[in-house]
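Here is a structure to look at, together with some questions about the terms used to describe it. Each answer sets a value against its definition.

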Amino acid sequence: MTRKVFLLLGSNLGDRKSILRKASQIIYDKLGKEVLESAIYETSAWGKEDQPPFLNQVIEIETTLTPHALLKEIAKIEEDMGRVRYERWGQRLIDIDILYYNSSVVITSNLEIPHSEIPNRRFTLVPMDEIAPEFVHPILGKTQNQLLEECDDPLEVHKL
């Protein structure tokens, strides 16, 4: 059984565009079939501002993996691509977050779906709104478009 999953890709080190392209290709090869890709967007760093700006992109895949198996495979992709976790919200070569997994709600010690920060991050909502504006947040009961309209994140998001 396939499930619809939205992932947020981010990078603020190295050749950011190439890193996002490489990550998405590995995801399509190993985790699930490509459905949609947003444009790539640039934004200042969120949470820890004294670092280079990020490029972000949301991709939609269809996968047969369970949420925890998906998380495990994503962590392996990040590690294989050279991600080192120095500090929360710090610089990173690649970051892959599970935003939504169908309309499921999963809350465990190491996984929270939908991602808890979606309503607070314009850099997530802008690409989500581009590819799935009517997708409803399973806890808040609001579309991505509604969440974007209500988002008070002041960081500007620029489409490349």
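This is a predicted model: local features need pLDDT of at least 70, side-chain atom pairs count only at pLDDT 80 or more; totals for chains, interfaces and linings use all residues.

Residues are numbered from 1 along each chain as its sequence is written, and side-chain values use heavy atoms, with hydrogens and water left out.

Q: What makes a set of residues a nonpolar core, and which members of the largest one touch the most others?
A: The members must be buried (under 20% relative accessible area, with a 1.4 Å probe and protein chains only) and must be Ala, Val, Leu, Ile, Met, Phe, Trp, Tyr or Cys joined through side-chain atoms within 4.5 Å. The largest such core has 25 residues, of which L7, I27, I61, I96 and I98 touch the most other members. Helix 1 (16-30) is among the elements that each supply at least two residues, and helix 1 gives the most, with six.

Q: What is the span of helix 2, and what is expected?
A: Helix 2, a DSSP run of H or I with at least four residues, has 14 residues and reaches 20 Å from its first C-alpha to its last, close to the 20 Å expected, where the expectation is 1.5 Å times one less than the number of residues.

Q: Why are the buried residues of helix 2 said to lie on the same side?
A: P67, L70, I74, I77 and E78 are buried. They cover an arc of only 95 degrees around the axis, judged by the directions from the helix axis to the C-beta atoms, and therefore lie on the same side of helix 2. On the other side, K72, E79 and D80 are exposed (over 50%).
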